[in-house]
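Open the model in your viewer and keep the selection tool at hand. The stops below say what to select and what is there.

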Amino acid sequence: MSERVASRRLGKAQPRRWQVQIDTVLTRDAVFEGARILARISGCGISAATKLMNNLPGVLLTPLYKFQAQRLVRELNKVQIKAHLISFPQTGGSDGRNP
């Protein structure tokens, strides 16, 4: 049995290995709404989310779980913000953050 399958069976969470790249905003109103969505789903501060939305294209540096990153991309697309997932290699602790 693979380590990944074993960790799921033991109830261990997979590491946060995903980031979201935001490419473009199709409407001006979407900048504000996008910042709110970023802060709510990723847990980053509203000021960091606003700064990212005002400096596109950019990458949300907060590491996310895959399901969390997918949800974020779906919610951003609903408000006309083009975004996609980026996987990054595991380099740190078990939560995906560098020590």
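Start by selecting V20, which lies in strand β1; helices (H or I, at least four residues) and strands (E, at least two) are DSSP runs, numbered from the N terminus. This is a predicted model, in which local features need pLDDT of at least 70 and side-chain atom pairs count only at pLDDT 80 or more, while totals for chains, interfaces and linings use all residues. Residues are numbered from 1 along each chain as its sequence is written, and side-chain values use heavy atoms, with hydrogens and water left out.

V20 is buried, because its relative accessible area is 0%; buried means under 20% relative accessible area, exposed over 50%, and partly exposed in between, with a 1.4 Å probe and protein chains only. Show its contacts next, where contact means heavy atoms within 4.5 Å. Neighbours within four places in sequence aside, V20 is in contact with G58, V59, L60, L64, A69, L72, V73, L76, A83, H84 and L85. One of these is A69, and the C-alpha atoms of V20 and A69 are 6.4 Å apart although 49 residues separate them in sequence.

Now widen the selection to the largest nonpolar core, which has 21 residues. A nonpolar core is a set of buried Ala, Val, Leu, Ile, Met, Phe, Trp, Tyr and Cys residues joined through side-chain atoms within 4.5 Å. V20, I22, L38, M53, L60, L72 and L76 are the members that touch the most others. At least two core residues come from each of β1 (18–25), α2, α3, β2 (58–64), α4 (66–78) and β3 (81–87). The largest share, seven residues, is supplied by α2.

Select helix α2 (residues 29–42) together with helix α3 (residues 46–53): their axes come within 8 Å and cross at roughly 140°. Axes are lines fitted to C-alpha atoms, for helices over the stretch in contact, and angles run from 0 to 180 degrees between N-to-C directions. That angle makes α2 oblique to α3, since angles under 35 degrees count as roughly parallel, over 145 as roughly antiparallel, 65 to 115 as roughly perpendicular and the rest as oblique. In the viewer, A30, V31, G34, A35, R36, L38 and A39 of α2 meet I46, A49, T50, L52 and M53 of α3. The residues of this contact divide into nine nonpolar, two polar and one charged; Ala, Val, Leu, Ile, Met, Phe, Trp, Tyr, Cys and Pro count as nonpolar, Asp, Glu, Lys and Arg as charged, and the others, Gly among them, as polar.

Stay on M53. Beyond its neighbours within four places in sequence, M53 is in contact with I22, V25, A30, V31, G34, A35, L38 and I81.

On the α2 side the contact is made by G34, I37, L38, R40, I41 and S42, and on the α4 side by Q68, R71, L72, E75 and L76. These residues divide into five nonpolar, three polar and three charged.

Is I86 buried or partly exposed? I86 counts as partly exposed, because its relative accessibility is 23%. Its contacts, leaving aside neighbours within four places in sequence, are R17, W18, Q19, Q21 and V59.

Finally, show the whole protein, which has four helices and three strands. From the N terminus on, the elements run α-β-α-α-β-α-β.
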